[in-house]
Amino acid sequence: MNLVETKDLTKYYGKERGIIDVNLNIKEGEIFGFIGPNGAGKSTTIRTLLTLIYPTSGSATIFGKDIIKYAPEIKEEIGYLPSEVFYYEKMRVIELLRYSASFYKRDKKETEKRIKELAELLNLELNKKVEDLSYGNKKKVGIIQGLLHRPKLIILDEPTGGLDPLMQKTFFNLVRQENKNGATVLFSSHILGEVQKLCDRVAIIKEGKIIKVEKVSTIIEHNYKRIKIETSDKIDSKYFAIDGISDYKAENKTISFLFKGNINVLTKKIVGLNLTNLWVEEPDLEEIFLHYYEKD
């Protein structure tokens, strides 16, 4: 069963492009990734699904219900963490979370227990005022706010900003646990590595349009490496004439390129050089778009 379905979902801001003909199907029980550069249309899609903004054309359903006609009913079962979180600064964290919980038809004792469990897990002090919290701790408040009512659909828009690496790991484990407990997750990010760790399938959006929907295993299989090599001698321009190399650049005794293919073939070529330095890096998402998806 598809928990989320969109059909030609389109949003324009006046004459400015938001999203164009977005078609997504998110299955019940999966962790679905939504990736693309900043400004590609991820947040616009999410805000449209949540009816925070209204589509220019097209339609969408969540839980089999039209997002506009049944918006209040749908929102009862959704947990949402926006990319930026803003709160009543003078409230204590516990007061803010209790206020948030009051919008949902849930048992108060169970909700109180849930808040305390999540706060302990995320190492968040409940009695502090919101204005005294760091950006990372405000993000933790948003995480608890989005999960306290045990939603059936969790929507996370760039959720890890402000979280240190250890807390990111805790957060990923929490999302996995919620998924095991039956929640479907839509995880939006511009960081490919985050999506690779967590998701089953991913939709890739570029300039407001969906260009690919792939299994994560396929994305990884076709992923590029950014190679940079410094040598003591100048390298002949034809030395790396092998399959899988693109975006080749040479400057004096330094070369760089993107590589996709059998890494053993590449290392055999590198061994034949008199190296002074070598870098192997994950390319950023923009590079993957420019090269892996250039045909699209």
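Guide: A term to begin with: two strands pair if DSSP finds at least two bridges between them. Strands (E, at least two residues) and helices (H or I, at least four) are DSSP runs, numbered from the N terminus. This is a predicted model, where local features need pLDDT of at least 70, side-chain atom pairs count only at pLDDT 80 or more, and totals for chains, interfaces and linings use all residues. Residues are numbered from 1 along each chain as its sequence is written, and side-chain values use heavy atoms, with hydrogens and water left out.

Visitor: Fine. Which residue in S14 is the bridge partner of Ile227?
Guide: Phe257. Strand S12 (residues 225-231) pairs with strand S14 (residues 254-259) in the antiparallel sense, over six bridges.

Visitor: In what order do the four strands of that open sheet run?
Guide: S13-S14-S12-S15, with antiparallel pairing. Strand S13 (245-251) and strand S15 (275-281) are the edge strands, each pairing on one side only.

Visitor: Which helix packs on the sheet?
Guide: Helix H9 (residues 263-271), touching S12, S14 and S15 (contact means heavy atoms within 4.5 Å). The direction of H9 makes about 170 degrees with that of S14; such angles run from 0 to 180 degrees between N-to-C directions of lines fitted to C-alpha atoms, for helices over the stretch in contact.

Visitor: Switching to H6. Which residues are buried there?
Guide: Met167, Gln168, Phe171, Phe172, Leu174, Val175, Glu178 and Asn179. Buried means under 20% relative accessible area, exposed over 50%, partly exposed in between (1.4 Å probe, protein chains only).

Visitor: Why are they on the same side of H6?
Guide: Because they cover an arc of only 160 degrees around the axis, taken from the directions from the helix axis to the C-beta atoms. The face turned away from the buried side of H6 carries the exposed residues Leu166, Lys169 and Lys180.

Visitor: And what do the buried ones pack against?
Guide: Several elements, including helix H4 (108-121), helix H5 (135-147) and strand S9 (184-189).

Visitor: How many residues of S9 are buried?
Guide: Six of the six, so S9 is largely enclosed by the rest of the structure. Thr184, Leu186 and Ser188 lie on one side, and Val185, Phe187 and Ser189 on the other.

Visitor: Does S9 pair parallel or antiparallel with S4?
Guide: Parallel, over five bridges; Phe34 has Ser188 as its bridge partner in S9.
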